[in-house]
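Dear colleague,

I am handing over the structure below for your review. My notes on what was found in it follow.

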Amino acid sequence: MWLDSHCHLTAEAFDADREAVLARAEQAGVEAFLAIGSGYGIPNNAGAVELAASDPRIFASVGVHPHEAKEWSSQTPDRLARWLEHPRVVAVGECGLDYHYLHSERAAQREVFATQLALARERRLPVSIHVRGQEQGAFEELLEIWRAEGRGELEGVLHCYTGTLEFARRALDHGLWISFSGILTFKQDRGLRGVAAALPLERLLIETDAPLLAPEGLRGRRNEPAFVDRVGQALANAQGRTPDEVAAVTTRNARRLFRLPEPARQARG
Ligand SMILES: [Zn+2]
Ligand SMILES: [Zn+2]
């Protein structure tokens, strides 16, 4: 069974057929989802919390995306704190640094990321992290903030990883896990399959980041959690393993990192 460790189920793109999308995912062997609340405006975190509260397969993560750092206000910490109290909210994020689009200024991004790490540390929650930049700068600054604010007490995942092998190895040394998205399936993967091949499966997660980043063969379409098996297949190919093994290990990894309860299995007999 697969687990989609990062998807934006509350995105408008799913408003018309969310139930059908979840049903297709279940058909495709996806047993659980981490619904990311950030990325569509800070108030939209509430939707992810509600969705997780209404469906036992769904857990939520709440936070402020680096694109939204400029929206941070004096009320934001209280709002986040209230959402984080909900038992179905299992992580902070996605938060981090995005120096590619720079929808918010770098200094604001750094501050808002650091503040959320402090919040995660106080509440002993793992963090879903976004990092993107044309040069290595965003990655280096991110790790610096992670080390300073995490103080060795935090765990988190670099979602939708596109960095180097060398950086990934350093990240693993600092309590971070690595998650691959549909980019791992792209014809032009820019060396990412080589990175995936060299990392220990015991520290890897998979995700769709739906509705964005549909895998190869479906590019340009809306992405959905049912396609997470294609990411798993690509990871299996890169590592020379079976998809079953990759499914079992990455699902177990996500459950460990986000401390998710085991799904209720139907009684046999
Ligand atoms: Zn992201
Ligand atoms: Zn995302």
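The lining of the largest pocket comprises eleven nonpolar, 16 polar and eight charged residues (Ala, Val, Leu, Ile, Met, Phe, Trp, Tyr, Cys and Pro count as nonpolar, Asp, Glu, Lys and Arg as charged, and the others, Gly among them, as polar). The model is predicted, and local features need pLDDT of at least 70, side-chain atom pairs pLDDT 80 or more, while totals for chains, interfaces and linings use all residues. Residues are numbered from 1 along each chain as its sequence is written, chains are lettered from A and ligands numbered from 1 in the order written, and side-chain values use heavy atoms, without hydrogens and water.

In total, 35 residues line this pocket, and Arg132, Cys160, Thr162, Ile183 and Leu213 lie nearest its centre. β4 (89–98), β5 (127–132) and α7 (192–198) are the elements that give two or more residues to the lining (helices are DSSP runs of H or I, at least four residues, and strands of E, at least two, numbered from the N terminus). The most comes from β5, with three residues.

Helices α8 (residues 228–239) and α9 (residues 243–257) have axes that come within 8 Å and cross at roughly 110 degrees (axes are lines fitted to C-alpha atoms over the stretch in contact, with angles from 0 to 180 degrees between N-to-C directions). The two helices α8 and α9 are therefore roughly perpendicular (65 to 115 degrees). Gly232, Gln233, Leu235 and Ala236 of α8 meet Pro243, Val246 and Thr250 of α9 in the contact (heavy atoms within 4.5 Å).

With kind regards

Methods:
On a 1 Å grid over the protein atoms alone, a cavity is a set of points where a 1.4 Å probe fits but cannot get out, and a pocket is an open set with protein on both sides within 12 Å along at least five of seven lines; lining residues have an atom within 4 Å of a point. Angles under 35 degrees count as roughly parallel, over 145 as roughly antiparallel, 65 to 115 as roughly perpendicular and the rest as oblique.
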